[in-house]
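Subject: Structure for your files

Dear colleague,

Please find the structure we spoke about below. My notes come after it.

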Amino acid sequence: MANTIKNAGQLIGATSTVIYTVPASTSVVLHGAWFANLHASNQQTVTVTWTDSSAGSPEVEHTILNNVPIPVNDTLIFDKPLNLETGDILKASCSSANDVEATLAFVEFT
């Protein structure tokens with residue numbers, strides 16, 4: 001089994017935006033996620049969900065963070081581990097498109 005340390009980043013839209021999808025034959029431990037408010041004068045809110053691909057059909061979406069405020073020029077840090085399986089999807093949305101950037105730190109196990 002190979003372990004690969006990775007980072008991923010994505011600007012977040014006002015509607016649900018895919019940040020990361022776990023590749024085939026891979027498990028992931030998400031170590032941390034940072035959500036930076038890039039707007040100079042408006043507070044943003046962020047909602048983060050993950051889709052459990054092993055839950056059957058239809059897949060089940062779970063909310064991790066729900067409309068959490070991020071002050072102007074500040075960063076929300078989610079530093080609790082999250083285990084993801086093949087096909088699981090991490091998504092986010094914010095109150096104003098492209099004003100929040102997500103950065104993930106994780107390990108892929110293949």
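The notes cover a sheet, the nonpolar core and a cavity.

Please keep in mind that this is a predicted model.

Sheet. Four strands form an open sheet in the order β2-β8-β4-β5, and the pairing is antiparallel. The edges are taken by β2 (17-21) and β5 (60-70); each has a single partner strand, so one side of each is left without a neighbour in the sheet. On average, neighbouring strands of this sheet are turned by 20 degrees against each other, direction ignored. Between β4 (residues 44-52) and β8 (residues 89-94), which run antiparallel, there are 6 bridges. Within β8, Ile 89 is the residue that stands opposite Thr 51.

Core. The largest nonpolar core has 25 residues, and Phe 35 and Leu 104 are the ones that touch the most other members. Leaving aside neighbours within four places in sequence, the contacts of Leu 104 include Lys 6, Asn 7 and Ala 8, then Ile 19 and Tyr 20, and also Leu 30, Gly 32, Ala 33, Trp 34 and Leu 90.

Cavity. There is 1 cavity of 30 Å³ or more in the structure. The volume of the largest cavity is about 40 Å³. Its lining consists of Leu 30, Ala 33, Phe 35, Val 48, Ile 64, Leu 65, Phe 78, Leu 82 and Leu 90. The largest share, 3 residues, comes from β3.

Regards

How values were computed: Residues are numbered from 1 along each chain as its sequence is written. This is a predicted model: local features need pLDDT of at least 70, side-chain atom pairs count only at pLDDT 80 or more; totals for chains, interfaces and linings use all residues. Side-chain values use heavy atoms; hydrogens and water are left out. Two strands pair if DSSP finds at least two bridges between them. Helices (H or I, at least four residues) and strands (E, at least two) are DSSP runs, numbered from the N terminus. Axes are lines fitted to C-alpha atoms, for helices over the stretch in contact, and angles run from 0 to 180 degrees between N-to-C directions. A nonpolar core is a set of buried Ala, Val, Leu, Ile, Met, Phe, Trp, Tyr and Cys residues joined through side-chain atoms within 4.5 Å. Buried means under 20% relative accessible area, exposed over 50%, partly exposed in between (1.4 Å probe, protein chains only). Contact means heavy atoms within 4.5 Å. On a 1 Å grid over the protein atoms alone, a cavity is a set of points where a 1.4 Å probe fits but cannot get out, and a pocket is an open set with protein on both sides within 12 Å along at least five of seven lines; lining residues have an atom within 4 Å of a point. Grid points are joined across faces, edges and corners, and a volume is the space filled by probe spheres set on the points.
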